[in-house]
Amino acid sequence: MSLAQPGSSSLGREGYWWHRARTDLLGAVMTPHLAGPRRTLDVGSADAPSVGWMRGEQQHVSLDLFPDGLRPGEGVVGSATDLPFADGTFDVVSAFDVVEHCADDDRAVAELRRVLAPGGRMLLSVPAYQWAWSDHDVRAGHHRRYTRAGIVGLVEGTGMEVLRATYAFGGVFPLFAAERLRRRLRPATGTDSRLPEVSPAVDRALMGVCRAEARLLRRRDLPFGSSVFVAAVRPSSAPS
């Protein structure tokens, strides 16, 4: 029996430090690649707070398997591996911490590319390093974790051109590695919370580190971190 819970771990926990930090880090890396879109699609939108920086005057569509986090009037229930949209519909397609949930990640990325217009941008984030696999990944419904080279190869294999690929959450990486080692030694029980509690002081410290990292990510890539961010473009001359 799967231990995965439906929907994103941010449902009901929008204020948790990791989700707030991810919003800042994604915005720092991805905003330059939006390029004034007319239509955007966010796949896996059950944690919609992470993509507030994407919102503008364009038509925005959200998609998720679970309706709980979808906004009325713009949300569509559907699967990342069988998107209910015509070819070339969107100028930007995002999928943040989604592809690792798909048993067939090749199909998921190919579907994201399919619904992109030529010249459109694909924005992704995935968890890093298979060595960091733990009971948390099982509970979250992950199928795998990625290296930067691994996710870049997956994206390029669909005919996309990668514009930027960087690790993220590098500033808190020592804490992440220590926490994963602890989980290896003492796996969580079925009654444990998916998100460990932190004190207000620790929350402020973690957010401070991540805000500094967001400023750094606006200028350069990171060589390590617990997540990988990728921005890619569908070449206008690429075969369909």
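A salt bridge is a side-chain nitrogen of Lys or Arg within 4 Å of a carboxyl oxygen of Asp or Glu. The model discussed here is predicted.

**Salt bridges**

Start with where these two residues sit. R180 lies in helix α5 (residues 173–185) and D137 in helix α3 (residues 135–140), so the pair ties together parts that are 43 residues apart in sequence. Both R180 and D137 are buried.

How many salt bridges does the structure hold? There are eleven. Side chains of opposite charge can pair when their charged atoms come close.

| Salt bridge | N to O distance | Separation in sequence |
|---|---|---|
| D97 and R22 | 2.4 Å | 75 residues |
| R164 and D221 | 2.6 Å | 57 residues |

Take D97 and R22, whose side chains meet in a salt bridge. D97 lies in the loop between β4 (90–96) and α2 (105–114), while R22 belongs to helix α1 (residues 17–30), so the pair links parts that are 75 residues apart in sequence. D97 is buried, and R22 is buried too.

Now turn to R164 and D221, which also meet through their side chains in a salt bridge. R164 is in strand β6 (residues 161–168), and D221 is in the loop between α6 (200–217) and β7 (227–233), so parts 57 residues apart in sequence are tied together. Are these two residues buried or partly exposed? R164 has 15% relative accessibility, so R164 counts as buried. D221 has 37% relative accessibility, so D221 counts as partly exposed.

Some salt bridges share partners. In this way D137, R145, E179, R180 and R182 are joined into one network.

**Strand β2 and its neighbours**

Which strands pair with β2? Strand β1 (residues 39–43) is joined to β2 by five bridges, and the two run parallel. Within this pairing, R39 stands opposite Q59 of β2. Strand β3 (residues 75–77) is joined to β2 by three bridges, and these two also run parallel. Here D64 has V77 in β3 as its bridge partner.

Why is β2 largely enclosed by the rest of the structure? Strand β2 covers residues 59–64, and five of its six residues are buried, so the rest of the structure largely encloses it. In a regular strand the side chains alternate between the two faces of the sheet.

**Cysteines**

A disulfide is a covalent bond between the sulfur atoms of two cysteines. How many disulfides does a search of the whole structure find? The search finds zero. C102 has 10% relative accessibility, so C102 counts as buried. C210 has 1% relative accessibility and counts as buried.

**Aromatic pairs**

The structure holds twelve aromatic pairs. One of them is F85 with F90, an edge-to-face pair: 5.1 Å centre to centre, with 90° between the planes. Both F85 and F90 are buried.

Another pair is F173 with F176. This pair is tilted, with 5.8 Å centre to centre and 35° between the planes. F173 and F176 are three residues apart in helix α5, so about one helical turn separates them. Both F173 and F176 are buried.

F173 and F176 also belong to one aromatic cluster, which they form with Y129, W131, Y167 and F224.

Notes. Residues are numbered from 1 along each chain as its sequence is written. This is a predicted model: local features need pLDDT of at least 70, side-chain atom pairs count only at pLDDT 80 or more; totals for chains, interfaces and linings use all residues. Side-chain values use heavy atoms; hydrogens and water are left out. Buried means under 20% relative accessible area, exposed over 50%, partly exposed in between (1.4 Å probe, protein chains only). Helices (H or I, at least four residues) and strands (E, at least two) are DSSP runs, numbered from the N terminus. Two strands pair if DSSP finds at least two bridges between them. A disulfide is a pair of cysteine sulfur atoms within 2.5 Å. Rings of Phe, Tyr and Trp (its six-membered ring) pair if their centres lie within 6.5 Å; planes under 30 degrees apart count as stacked, over 60 as edge-to-face and the rest as tilted.
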